[in-house]
Amino acid sequence: MIKLLIIADDFTGALDTGIQFVKHGVKTKVLATPTYSIPNEKQQDTQVFVINAETRHLKADQAYDVVFRVVQAAHQAGIPHIYIKTDSALRGNVGSSLAAAMAGAQAEQIIFVPAFPQIGRCTRDGVHYINDIPVHQSVFGQDLFEPVTCSDVREIIALQSPVPVVLHPENQPVNPHAQPGIQLYDACSEARMQEIGDGLDEKQLHLSAGCAGFAAILLGLFGLEGAKQPLPELNPVLMVVCGSINPITTKQLEYAAEQGFHRLTLTAAQKFTSRWGESAECAQLLQNFYPGKNRLILDINGPLETHSVETAAFVKDLDVEQVRVMVATNLGSLVKQLLDQGFDGTLMLTGGDTLLGATKALGVQELSPIGEIYQGVILSSFTYKEQTFHLISKSGGFGEKDILPKLAAFVAGTSQRQQGE
């Protein structure tokens, strides 16, 4: 039966959070869309159900409606625990989502622990930091689509919600009897995260929120368990399709190219022409690109605000949201053409929009997380035209500079590991 429902604001976040349970053997399913229904009999062995609500880029009132509807349905169905997965850098609709969850569950409180110390995200005195830099001064403050404009979590919430925020400093014990509102807990260590979880009562644990960091704490609190499965053998050909323009990702792409990855960057005409990914030109480009190569990158390269004459000519009549959707749609169609051509390899998609664009183009409704290769780098499987494919996914803001060469080596080495070499 379903013991925990997770509602994530984007697709890579859904996988990042779901994998915290999978790697301990807990049966977990991730839905690609926010369409929610009570699991049928075939899914009764699933303990954790993750829904990609795709609220990151919505307007605040739209995000509220989506989260309210899903939480209300889950609450009425008697699902014992509901978790709102927010972005680890607090981008998107944090305030409206937390308020909607409280309304949908008819709750006076929601526990909110936004920290993820393992990847340098911590909250101190109500201020959120990325590697000791206030989040609005980090690369996430320059995010093209959802820049974080302040670092005090209370201010971020107040931009979208009048619900009061109760701050629980790190040097104070957990208070299960605090006044109603959003219970914001400071945390800068895994020990503090565990302390918070251990100090909460069952009523409070019905509704909680945070990123993948606090979700991992819930595993022990809810008594979730299962048989851990080994990682499968992967095809050594690695195809990276990247739609992220995060500076962290840009450095990863540049380093991988220096290390011998065969890289192709789409032109402005290819990125910004409607339905280009479905075109014969795209099909031909792919046919000429990947055969005979083992480490490949297809990406969109630099920022969308690049002031080149070519880029300006294509985006002059489009707003930022239209550009975002068009690029993701073209990359999704490109992935479909790739698989339809018979691509035989391991696919890696970077960025939540890219992942969603691909699943929409392929008609894939569900992913099955398998394991976490590195922190925030998730291996999943999906079925397309009765064939199983392995997919690696990563948020644009995760990972060290050398992550792609390390992944290529990992993928190439799985067959030897399977044989015990």
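Rings of Phe, Tyr and Trp, the last taken by its six-membered ring, are paired when their centres lie within 6.5 Å; planes under 30 degrees apart make a pair stacked, planes over 60 make it edge-to-face, and the rest are tilted. The legends below describe close-up views of a predicted model.

**View A. Aromatic pairs: tyrosine 374 with phenylalanine 410.**
Under this rule the model holds four aromatic pairs. In one of them, the ring centres of tyrosine 374 and phenylalanine 410 are 6.5 Å apart and the ring planes meet at 65°, so the pair is edge-to-face. Because tyrosine 374 belongs to strand β16 (residues 366–374) and phenylalanine 410 to helix α14 (residues 403–418), the pair ties together parts that are 36 residues apart in sequence. Tyrosine 374 is partly exposed, at 27% relative accessibility, whereas phenylalanine 410 is buried at 16%.

**View B. Aromatic pairs: phenylalanine 382 with phenylalanine 389.**
Phenylalanine 382 and phenylalanine 389 form a stacked pair, with 5.6 Å from centre to centre and 20° between the planes. Phenylalanine 382 has a relative accessible area of 5% and is therefore buried, the cut-off being under 20%. Phenylalanine 389 is also buried, at 7% relative accessibility. In the strand pairing, phenylalanine 382 stands opposite phenylalanine 389 of β18.

**View C. Strand β18 and its two partners.**
Strand β17 (residues 377–384) pairs with β18 in the antiparallel sense, over eight bridges. The hairpin of these two strands has two residues between them, and within this hairpin lysine 385 takes a positive phi near 50°. Strand β15 (residues 346–350) is joined to β18 (residues 387–394) by four bridges, and these two strands run parallel. Threonine 350 is placed opposite lysine 394 in β18.

Helix α8 (residues 247–258) contains twelve residues and extends 17 Å from its first C-alpha to its last, close to the 16 Å expected at 1.5 Å a residue. Its buried residues are Thr249, Gln252, Leu253 and Ala256. Viewed down the axis of α8, these buried residues fall within an arc of 100°, so they line one face of the helix. An α-helix has 3.6 residues a turn, so residues three or four places apart point the same way. Lys251 and Glu258 are exposed on the other side of α8.

**View E. The two ends of helix α8.**
At the start of α8, a side-chain oxygen of asparagine 246 comes to within 2.8 Å of the backbone nitrogen of isoleucine 248. Following the helix is glycine 260, which has a positive phi near 100°.

**View G. The loop between β4 and α3.**
Aspartate 87 lies in the loop that runs between β4 (81–85) and α3 (94–104). Its relative accessible area is 5%, and aspartate 87 is accordingly buried. With neighbours within four places in sequence left aside, aspartate 87 is in contact with Asp9 and Arg56. Leucine 90 is placed in the loop between β4 and α3 as well. Leucine 90 has a positive phi of about 65° although it is not a glycine, and it counts as buried at 3% relative accessibility.

**View H. Aspartate 132, a second residue with positive phi.**
Most residues other than glycine have a negative phi. Aspartate 132 is not a glycine, yet its phi is positive, at about 70°. The residue sits in the loop between β7 (127–130) and β8 (133–134). Aspartate 132 is exposed, with a relative accessible area of 59%.

**View I. Alanine 74 in helix α2.**
Alanine 74 is part of helix α2 (residues 60–76). This residue is buried, with a relative accessible area of 0%. The C-alpha atom of alanine 74 is separated by 38 Å from that of glutamate 278, which lies 204 residues away along the chain.

Conventions. Residues numbered from 1 in each chain as written. Predicted model: local features only at pLDDT ≥ 70, side-chain atom pairs only at ≥ 80, totals over all residues. Heavy atoms only, no water. Buried < 20%, exposed > 50% of the residue type's maximum accessible area, 1.4 Å probe, protein only. Expected span 1.5 Å × (residues − 1). Arc of directions from axis to C-beta. Polar contact = N/O pair within 3.5 Å; in protein donor to acceptor, adjacent residues only side chain to side chain. Contact = heavy atoms within 4.5 Å. Pairing = 2+ DSSP bridges.
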